[in-house]
Amino acid sequence: MNPPSAKSTVVTTSVETLGGRADTGQAPAQKPGDGYVQSFARGLAVIRSFSAQAPEQTLSAVAAATGLTRAGARRILLTLQTLGYVKSDGKYYQLTPRIMELGFAYLSSTPLWNLAEPVMERLSDEIRESCSAAVLDGDEIVYVLRVHTHKIMSTNLSVGSRLPACWTSMGRVLLASESDESLRALLAARDRRQFTALTEQNDEKLLQRILEVRAQGWALVDQELEEGLISIAAPVKNGAGRTVAALNISGQANRNSVQMMREQLLPQLLAATQHISQLLRASGRMQL
């Protein structure tokens with residue numbers, strides 16, 4: 001994997017959510033039978049308890065964040081410390097740079113990001129706006145590549161950051177590739193927060209907007225997640241024609257109107273996603 005340029009971000013271990021939605025770290029309600037290794041799941045929960053909001057934690061804080069006992073949390077932290085993934089000054093624990101190996105394993109095994117990065121950098125240079133790529137994980141999108149021009153959100157977005165899929169342009173593009181049954185189930189269990197005055201909260205209207213995205217092949221979201229933020233996204237598809245990621249252009253609504261995004265930026269975005277899709281097909285990679 002080629003080293004990332006200074007301008008773009010390729011890998012990090014931070015996991016952020018808009019509004020700080022907590023991850024309890026508890027095991028899922030439905031476990032996959034005897035193959036489920038609870039101790040391993042608890043170890044991952046401890047790792048996920050660290051974030052931009054909690055980069056350093058006491059033993060008690062880790063236990064509270066994960067639902068583990070102090071003794072259980074201590075054993076896992078000491079194991080991670082022995083392996084070099086955690087360090088401690090005797091009171092506070094924090095992750096070490098070695099933890100990046102875990103995220104790098106995913107990115108280095110997926111050629112899409114190597115193919116997409118130079119295309120996204122050229123696009124960002126041409127339009128003078130930020131460009132991002134994301135994949136779907138449940139009802140959230142996860143940022144996997146970012147090319148910055150300037151800060152566009154009050155939340156500090158980086159690779160690994162998560163946002164609710166329903167009110168992001170990349171989220172709607174990715175949701176559009178899901179089945180109708182999956183969409184209805186996701187909408188029934190979705191986040192109910194009203195992020196802005198424009199946040200759509202009606203399930204049927206949200207479903208209709210996602211189906212419109214499916215039909216037209218792109219999505220535009222105007223200030224539904226954060227006031228002043230407007231973005232437009234399109235899908236990246238593999239050789240089988242399956243949507244495997246989404247690319248977006250984001251900007252400030254006070255200098256990027258809906259009409260301008262559609263007429264000026266959308267054609268360049270579609271050209272970029274088509275180019276990346278062609279590169280992915282040429283690489284012979286069918287899946288992420």
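I began with Val 37, Phe 40 and Leu 44, a nonpolar surface patch with about 280 Å² of accessible area together. Accessible areas come from the Shrake-Rupley method with a 1.4 Å probe, and for residues only the protein chains shown count as cover. A patch takes residues with over 30% relative accessible area and no salt bridge, joining like charges within 9 Å and nonpolar side chains (Val, Leu, Ile, Met, Phe, Trp, Tyr) within 5 Å.

The model is predicted: local features need pLDDT of at least 70, side-chain atom pairs count only at pLDDT 80 or more, and totals for chains, interfaces and linings use all residues. Residues are numbered from 1 along each chain as its sequence is written, and side-chain values use heavy atoms, with hydrogens and water left out.

Next I looked up salt bridges (a side-chain nitrogen of Lys or Arg within 4 Å of a carboxyl oxygen of Asp or Glu). The structure holds 11. Glu 129 and Arg 255 form one of them, at 2.5 Å from N to O. I noted that these two residues are 126 residues apart, in separate loops. Glu 129 is buried at 4% relative accessibility, while Arg 255 is partly exposed at 42%; buried means under 20% relative accessible area, exposed over 50%, and partly exposed in between (1.4 Å probe, protein chains only).

I then checked Glu 204 and Arg 184, whose closest N and O atoms are 3.0 Å apart in a salt bridge. Glu 204 lies in helix α8 and Arg 184 in helix α7, so the pair ties together parts 20 residues apart in sequence.

Last, I found Arg 172, Glu 200, Arg 209 and Glu 224 linked in a network of salt bridges.

Terms used:
Helices (H or I, at least four residues) and strands (E, at least two) are DSSP runs, numbered from the N terminus.
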